[in-house]
Amino acid sequence: MQRPLGSDPVARLTAALSEIAGVPVALERPGEAEHGDYATNVALKLAGLQKRPPREIADEIAEQAVASGIAERAAAAGPGFVNLWLPDEWLAAGVRDVVEAGDRFGSGSATVSERIQVEMVSANPTGPITVAHARNGAYGDSVARLLAFAGHDVEREYYYNDAGLQMERFYASVEALRRGEEPPEDGYRGAYMDELAALAGDPVPPMLANMEASLERFRISFDSRTRETEVEAEIPEAVALLDTYEEDGAVWARTSAHGDDKDRVLVRSDGEPTYFAKDAAYIRRKYARGFDRLIYVLGADHHGYVARLQALAEMLGRPRDSVEVLIYQLVQVVEGGAAKKMSKRRGDVVFLDELLDAIGVDAARWYLVSRGHDQTIDLDVDLAAERSQKNPVYYVQYAHARIAGILRNAASSSVGSSSGAESSALAVEERELVKRLLDFPAVVAQATERRAPHGIPIYAIRVADDFHRFYHEHRVLESEQEAFRLGLVRAVQLVIARCLDLVGVSAPERM
């Protein structure tokens, strides 16, 4: 994905080199400083097209990069790599770009803005929000934040399953408790059920209020809510729009002709619609509301939904890839070295509010997105609750708070207005820190494109590492390079704050 140039120095550098090479260039940061600030293998790709030795092409690109002023020094290396060394002035200008862009640095990566709905959590109102639901919410909300930061118009949706077998079991369990009896064997148990049974009237509204309060506490809010009972009324209209046939008295959707592994029953022979029919009505409702892209965040037991939902999209005249199903794996809460069991019906489940009481919202949000969604999470409560630099969220927040302290103590009233580097060479730690900051637009664009918010915490830790290394070696205030270094730490603060915000974590000024 091509990123807009804007305030992105690396994107501008890439574009300039692409013009020299005559083809798109990809830059990477070498692992060793002696190999330059950036490198590209474009000469290896051009060798086949031009029928020339890649090393010869690399020499030419390196020579033109220096002659055009793009690089201070450039050299061919290995079989055909081009290594580039950038001048201090380029890095200092990069710091100014970050500070001037402010909290929008790295934003706007979407080449075309879309109206996107992210449906997430959507837990049945049969019990409080669990840690498993919380991973759904943390993942979905972070994806939504990334998409909005990229420039899309994003809506968060909650789908309430307020009908069906699970709801019948829930009501039966509450009524049994109200009669002083044990809930049915397949019913729901736990202290929360006793509390609901003690209240008069329908138990669903107080249960929904409990769930919404937990999610708000977890910094997740919704723009729209849809109930299953509302969708059920629209099933006949939706079915009429699909590619269907009748067999054995049932109505089938010809989903196998649209990428699914088999056809799906929409209406059973007894006239009852299936859950798939509700899916059809629901997806039709979403498209009717004007969304270009539909994202569902679902648990690991929903892998089979991908093809069938995309088949529905195609039958409704929409592109298959306008439906995305993001699958996340389970969460194990570990405390004292042992995993807690999770079962809403038995009542020994780990609820979100319990986790937040134990480790706080920031740690919970961080840990629930810090691993890839396709990986199981073992959430160590003891580590997550620890306020030390062994805890990664605390470590990153501490870097932000330390910079806030520096800026409070700064005598200068024009932070970042002058680079100070124009008359003084940058130290190694300064150069590495600047380059790390300039990675941010590419990091956030990739996390957005791949729907992989875990890349943001990983990157934030590296920024904090580079900052702490710089701060250990160099004084900021009352140094000869104070003006530049104040701009540099302000740029670090901006990038860290944005990273934390993208995963729903606060950026404290003091710790």
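Aromatic pairs come to 14 in this structure, where rings of Phe, Tyr and Trp (its six-membered ring) pair if their centres lie within 6.5 Å. Take tyrosine 245 and tryptophan 252: their ring centres are 6.3 Å apart with planes at 10°, so they count as stacked (planes under 30 degrees apart). Bear in mind that this is a predicted model, with local features needing pLDDT of at least 70, side-chain atom pairs counting only at pLDDT 80 or more, and totals for chains, interfaces and linings using all residues. Numbering runs from 1 along each chain as its sequence is written, and side-chain values use heavy atoms, with hydrogens and water left out.

**Rings and charges**
- Phe105, Phe149, Phe440 and Tyr459 are linked into a cluster by ring pairs.
- Tryptophan 252 has 21% relative accessibility, so it's partly exposed (between 20% and 50%, 1.4 Å probe, protein chains only).
- Arginine 115 lies over the face of phenylalanine 291, 4.2 Å from the ring centre; the rule is CZ of Arg within 6 Å of the centre and within 35 degrees of the ring normal.
- Arginine 227 puts its charged end over the ring of tyrosine 160, 5.8 Å from the centre.

**The cavity**
- There's one cavity of 30 Å³ or more, meaning a set of points on a 1 Å grid over the protein atoms alone where a 1.4 Å probe fits but cannot get out.
- The largest cavity holds about 50 Å³ of space, a volume being the space filled by probe spheres set on the points.
- Its lining residues (an atom within 4 Å of a point) include Arg135, Tyr139, Leu368 and His454.

Conventions: On a 1 Å grid over the protein atoms alone, a cavity is a set of points where a 1.4 Å probe fits but cannot get out, and a pocket is an open set with protein on both sides within 12 Å along at least five of seven lines; lining residues have an atom within 4 Å of a point. Rings of Phe, Tyr and Trp (its six-membered ring) pair if their centres lie within 6.5 Å; planes under 30 degrees apart count as stacked, over 60 as edge-to-face and the rest as tilted.
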